Amino acid sequence: MPQLVRVQNFNVSSDGIAAGEDQSFERPFGHVDPERLFAWAGATASWPMRTEPGGSRGLDDYLTRDDDRGIGAEIMGRNKFGPQRGPWEDLDWQGWWGDEPPFRTPVFVMTHHVRPSITLGDTTFHFVDDDAASVLALAREAAHGKGVRLGGGATTIRQFLDADLVDTLHVAVSPVTLGTGVRLWESPDELLDRFHLDVVPSPSGVVHHLFWRR
């Protein structure tokens with residue numbers, strides 16, 4: 001099986017925005033309330049942060065449940081790891097996820113300011129300053145034959161799309177308009193020169209866009 005580079009369960013608004021402006025420690029998504037984007041996933045039975053029984057089944061749950069399947073490494077941008085810019089002023093900061101991050105694989109954080117690797121639970125974060133193709137080579141080696149998940153944010157995903165390094169994408173478009181923020185696309189049609197696309201509406205109101213390479 002090929003080591004696919006996959007974007008999974010990535011959320012945007014109906015106008016293509018994935019995160020807001022003015023990110024801070026208190027507001028990882030900046031001025032955007034993440035509940036407006038992620039409500040569909042949080043309602044599912046398979047939502048990994050669910051603390052109570054219950055939750056919905058069906059299409060949304062199936063896609064949430066499939067998030068970790070076959071993944072051996074993750075790549076993310078620095079702003080998904082934390083809100084600091086420039087040289088690291090606080091090396092005590094270890095990400096948004098506490099002592100047990102949900103990744104449970106090697107994670108490669110793309111940054112122009114490297115720092116020592118961090119191991120928390122079953123997750124090790126490596127901080128790398130290199131181009132997309134070189135970081136992907138590191139992630140593939142660490143994945144030991146499994147797939148590589150491209151976790152975001154939108155700027156990082158666009159960087160890999162522009163380098164033609166993405167094999168499949170699942171983008172969940174929530175029925176909200178945000179107006180300003182970090183945009184994944186103006187329209188999903190921008191990717192149709194390189195990808196096939198199935199558009200699948202869900203009873204939750206979210207519309208799942210499933211892309212695979214032509």
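How many positive and negative side chains does the chain have, and how far apart do the centres of the two sets lie? There are 20 positive and 31 negative side chains, with the two centres 4 Å apart. Here Lys and Arg count as positive and Asp and Glu as negative, while His and the chain ends are not counted; each charge is placed at NZ of Lys, CZ of Arg, CG of Asp or CD of Glu.

What you see is a predicted model, in which local features need pLDDT of at least 70 and side-chain atom pairs count only at pLDDT 80 or more, while totals for chains, interfaces and linings use all residues. Residues are numbered from 1 along each chain as its sequence is written, and side-chain values use heavy atoms, leaving out hydrogens and water.

Let's start with the overall build. The chain holds 5 helices and 11 strands, which are DSSP runs numbered from the N terminus (helices: H or I, at least four residues; strands: E, at least two). Its C-alpha atoms fill a box of roughly 45 × 40 × 35 Å along the principal axes. Of the 214 residues, 45% count as buried, meaning under 20% relative accessible area with a 1.4 Å probe, protein chains only.

Now look at helix α1, residues 35-42. Its buried residues are Leu 37, Trp 40 and Ala 41. They sit on the same side of α1 because they cover an arc of only 105° around the axis, judged by the directions from the helix axis to the C-beta atoms. These buried residues pack against β1 (5-12), β2 (17-19), α2 (59-65), β8 (168-173) and β11 (207-213), where contact means heavy atoms within 4.5 Å.

Conventions:
Buried means under 20% relative accessible area, exposed over 50%, partly exposed in between (1.4 Å probe, protein chains only).
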